[in-house]
Amino acid sequence: MNGKRKKNLWTIPHGQEPTEMDKIILAAQDRGKVVPTRSLIKTPEQIEGIRRAGVVNTGILDMLEGKILPGMTTQTIDDLVAEYTARHGATSACLGYEGFPRSCCTSVNEVVCHGIPNEFEVLRKGDIVNVDCTTILDGYFADASRMYIVGGKTSAKKQKLVDVAWECLKIGEEVCSKPYVYVGDIGNAIQKHAHQNGFSVVRDLAGHGVGLAFHEEPDVDHYGRKGTGMLLVPGMVFTIEPMINMGTYEVFCDEEDGWTIVSEDELPSAQWEHTFVMTEHGVEVLSH
Ligand code: MF3
Ligand code: CO
Ligand code: CO
């Protein structure tokens, strides 16, 4: 192998016959495509573990429905998340992750992601809030986020942003209705839909492999070209989590806290995230 390009290599264990999956992966590899390593393929037991973590994680986001009200602080959201997580025998992957100080991310209006819940941030009617939770149960990770509209109603423009971000996630899921698609197929479809609606796609943050750790290979970009990026094969677990901006796709990180990602023009941003497992018949949702 020449040392110019770092490449994943799919190999057949010594003395084994290649399966149908092996043949497809080897053929893609021969055409110069990015393929996974075997370490990214979860066993059925691991998938069941991630599914159980996903049930708790989805339960958190369900519990919050109808509870995010005008006048409450983002700290209260975090308190609810922490309490539910503990009561279900789980832990938050966010808490203490690279020094992150809370059990979830709360990203309000122009905050794209990684907002830190705090007792000074009071929610107002019409705010749009992303709550992003990642739960660890028995060592398995599941990651999902939703948009919540404070007081149930927002402006037409912000509602459209929230809706288009949801459609972008669903379009990504639809692309994965069969195995052996590329990460770039997802990004390409999402980008088209966002642009058709006059919105932009954040490029600096991506979806990711997940399950045995918080962030695994591959990066799942929400923009790009068909046929680029990693081939998605049965047994892979990953997120799709498009961040859709009303204005520019560019973002900056708050220097004070080192976490909060804000749109460069400070126009609103919306995001939805699911954890999926790829199967022979396309993706199944493990957390939503
Ligand atoms: N849950 C986020 C994601 O979807 C990551 C948050 S990292 C944290 O990948 F430290 F801010 F919690
Ligand atoms: Co994620
Ligand atoms: Co997340």
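Ligand 1 sits in the largest pocket. A pocket here is worked out on a 1 Å grid over the protein atoms alone: it is an open set of points with protein on both sides within 12 Å along at least five of seven lines. Sitting in it means that more than half of the molecule's atoms lie within 2 Å of its grid points.

Before I go on, the ground rules. This is a predicted model, so local features need pLDDT of at least 70 and side-chain atom pairs count only at pLDDT 80 or more, while totals for chains, interfaces and linings use all residues. Residues are numbered from 1 along each chain as its sequence is written, chains are lettered from A and ligands numbered from 1 in the order in which they are written, and side-chain values use heavy atoms, with hydrogens and water left out.

Back to the ligand. What surrounds ligand 1? There are 14 residues, with Asp-143, His-208, His-215, Glu-241 and Glu-273 as the closest. To be listed, a residue needs a heavy atom within 4 Å of the ligand. By class, that shell holds 6 nonpolar, 4 polar and 4 charged residues. The classes are simple: Ala, Val, Leu, Ile, Met, Phe, Trp, Tyr, Cys and Pro are nonpolar, Asp, Glu, Lys and Arg are charged, and the others, Gly among them, are polar.

Now the polar contacts, meaning pairs of N or O atoms within 3.5 Å; within protein, one must be able to donate a hydrogen and the other to accept it, and residues adjacent in sequence count only if both atoms are side-chain atoms. Asp-132 places a polar side-chain atom 3.1 Å from a nitrogen atom of ligand 1. For His-208, a side-chain N or O atom is 3.0 Å from an oxygen atom of ligand 1. How much of ligand 1 does the protein bury? Taken alone, ligand 1 exposes 330 Å², and 97% of that is buried by the protein. Those areas come from the Shrake-Rupley method with a 1.4 Å probe.

Next, the backbone. Glu-217 and Pro-218 are joined by a cis peptide bond, with omega at about -5°. Pro-218 belongs to strand S9, residues 216-220. Helices (H or I, at least four residues) and strands (E, at least two) are DSSP runs, numbered from the N terminus.

Two residues to check for phi. His-114 is not a glycine, yet its phi is positive, about 65°. His-114 lies in the loop between strand S3 (111-113) and strand S4 (128-137). His-114 counts as partly exposed because its relative accessibility is 25%. The cut-offs: buried is under 20% relative accessible area, exposed is over 50%, partly exposed is in between, with a 1.4 Å probe and protein chains only. The other is Tyr-180, with a positive phi near 65°. Tyr-180 falls in the loop between helix H4 (156-175) and strand S6 (181-182).

Last, a few positions across the fold. Thr-260 is in the loop between strand S13 (251-253) and strand S14 (261-263). Is Thr-260 buried or exposed? Buried, because its relative accessibility is 9%. Its side chain makes a polar contact with the side chain of Asp-257, at 2.5 Å.

Gly-209 is in strand S8, residues 207-209. Gly-209 has a relative accessible area of 0%, so it is buried. Its C-alpha atom is 5.8 Å from that of Val-237, 28 residues apart along the chain.

Ala-156 is in helix H4. At 67% relative accessibility, Ala-156 counts as exposed.

Note on methods:
On a 1 Å grid over the protein atoms alone, a cavity is a set of points where a 1.4 Å probe fits but cannot get out, and a pocket is an open set with protein on both sides within 12 Å along at least five of seven lines; lining residues have an atom within 4 Å of a point.
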